[in-house]
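Okay, thanks for coming, everyone. I'd like to walk through one model today, so let me put it on the screen.

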Amino acid sequence: MAFASNRLIAARRSGGPGGAATAVLEAESGWRIELPGAPGPLAARGPRLLATAQRTDDELSALWIDADTGEITARLALRATEFVIAVDVAACDGAAAIAGAFAGTLRVGDREVSSGGLRDGFVATLDAAGQVASLVRLGGAGDDGLTAVGCRGDAVAIAGTFGPGAELRGATLPRVAERSGASDAVVALLRAGGVVWQRSFGGAAEDLPLDLTFTDAGELAVVGVARGELALGGVTHQVAGPADGYLARWSLEGELIGSLRLGGPDYDAATRVAALGDTLFVTGFFSGTVDLDGVVLRAQGGDDAMLVIVTPGSPTRAAPISGAGREEVVSLVPAGRALALGVAHTAGLSALGLAAPPPADPLGGAAALLVPSW
């Protein structure tokens with residue numbers, strides 16, 4: 001789901017078992033287009049939409065689409081000799097970025113990179129005409145990948161995971177726990193394909209950044225899942241249960257501004273983050289009881305979703321997205337001065353004074369919630 005020109009645009013998959021997948025894009029304004037392949041991540045900026053579709057394991061399509069008419073204005077293919085997958089995309093003024101993972105040799109336009117191990121990460125930036133402007137690889141001999149991307153002006157931020165010996169633009173990424181075989185997390189800021197700064201973080205267990213965004217003030221916020229402990233420079237958080245969510249914020253100069261652990265004694269995670277002005281909205285899931293910087297929530301069903309609001313200089317606010325079954329926020333999109341949440345649920349839900357009935361198919365419940373800025 002994405003917003004462009006105040007139009008809600010949703011992607012879904014069509015095609016029965018054993019048949020070829022088709023990505024279907026639909027807008028509230030009435031247009032509908034079909035793209036060969038499975039639907040991938042979407043991003044919107046103004047009247048433009050960046051859509052991706054997984055044609056085959058070794059080929060992706062990236063398309064600029066006019067959000068008012070549904071016209072495809074530019075296409076770009078991302079092809080690999082083994083496989084390529086887009087995990088996240090971002091759109092900003094006159095440009096866009098696609099991040100994910102690949103194996104073998106990846107070719108995007110006239111740019112080419114080759115993986116060094118099982119899997120490497122990549123970020124491709126596109127210009128306003130839909131042509132590739134840069135292609136950057138992150139990886140080494142092990143299993144590495146990028147999981148999140150964002151852009152602001154000429155700055156592109158990336159986050160992902162890496163193992164021993166992984167490098168970014170020729171520089172080896174420092175490990176947090178040298179003697180651990182688990183992956184560490186990394187966040188980096190790029191300009192014109194060059195690395196401005198990078199920061200490794202994590203611990204002795206697997207850590208996974210899942211989303212990032214920029215605030216109007218220029219902060220870079222990253223959310224994800226931590227296990228064991230989360231070391232962020234001079235700050236270390238001890239995880240309360242099997243896994244906790246987290247929010248970490250850096251300045252555009254790479255200085256750690258602040259961080260929050262978001263979790264309790266069960267398995268919890270922070271999965272998405274969006275900004276309205278300088279306020280950060282974080283979503284995730286939890287079970288049992290969770291302490292969100294002093295705000296305590298209790299799950300009603302198996303796993304509940306959560307919305308956490310962080311404004312500089314103000315107390316943290318939080319609200320559950322609850323129901324008798326499982327709830328998951330699958331999209332989080334700024335929409336003017338409000339926030340659109342796409343929520344998948346199995347047995348109905350209630351949140352912020354809104355409610356959705358149980359779905360006819362327990363596996364197919366979905367609701368879109370429009371939340372005014374708090």
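Let me start with a definition: I call something a salt bridge when a side-chain nitrogen of Lys or Arg is within 4 Å of a carboxyl oxygen of Asp or Glu. Two bits of housekeeping too. This is a predicted model, so local features need pLDDT of at least 70 and side-chain atom pairs count only at pLDDT 80 or more, while totals for chains, interfaces and linings use all residues. Residues are numbered from 1 along each chain as its sequence is written, and side-chain values use heavy atoms, with hydrogens and water left out.

On to the charges. The structure holds 16 salt bridges, and I'll show you a few of them. One joins Arg-249 to Glu-219, with 3.0 Å between the closest N and O atoms. Arg-249 sits in strand E25 (residues 244-250), and Glu-219 is in the loop between E21 and strand E22 (220-226), so we have distant parts of the chain linked, 30 residues apart. Those strand labels are DSSP runs of at least two residues, numbered from the N terminus; helices, H or I, would need at least four.

Are these two partners buried or exposed? Arg-249 is buried at 16% relative accessible area, and Glu-219 is buried at 14%. Buried here is under 20%, exposed is over 50%, and partly exposed is in between, using a 1.4 Å probe and protein chains only.

Next pair: Asp-143 and Arg-119, whose closest N and O atoms are 2.7 Å apart. Asp-143 is in the loop between E14 and strand E15 (145-152), and Arg-119 is in the loop between strand E12 (111-114) and E13, so this bridge ties together parts 24 residues apart in sequence. Both ends are partly exposed, with Asp-143 at 39% and Arg-119 at 29%.

Arg-55 and Glu-59 also meet in a salt bridge, at 3.4 Å from N to O. Arg-55 is partly exposed at 39%, whereas Glu-59 is buried at 16%. And there's a network of salt bridges linking Glu-26, Arg-32 and Glu-34.

Now a charged residue without a bridge. Glu-327, in strand E33 (residues 327-335), is buried yet has no salt bridge. How far away is the nearest side chain of opposite charge? That's Arg-326, 8.0 Å away, counting Lys and Arg as positive and Asp and Glu as negative, with His and the chain ends not counted. What the Glu-327 side chain does reach is the backbone nitrogen of Gly-323, at 3.4 Å.

Among the residues in contact with it (heavy atoms within 4.5 Å) is Thr-213, which is found in strand E21 (residues 208-214). Thr-213 is buried too, at 15%.

Last topic, the nonpolar cores. By that I mean sets of buried Ala, Val, Leu, Ile, Met, Phe, Trp, Tyr and Cys residues joined through side-chain atoms within 4.5 Å. The largest has 24 residues, and Leu-50, Leu-78, Ile-98, Leu-106, Val-108 and Phe-122 touch the most other members. Strands giving two or more residues to this core include E7 (59-66), E8 (72-80) and E13 (120-126). Leu-78 touches, among others, Glu-59, Ile-98, Leu-106, Val-108 and Phe-122. A second, separate core has 20 residues, including Ala-157, Trp-197, Leu-232 and Ala-248.

That's my tour.

Conventions: A polar contact is a pair of N or O atoms within 3.5 Å; within protein, one must be able to donate a hydrogen and the other to accept it, and residues adjacent in sequence count only if both atoms are side-chain atoms. Lists of a residue's contacts leave out its neighbours within four places in sequence.
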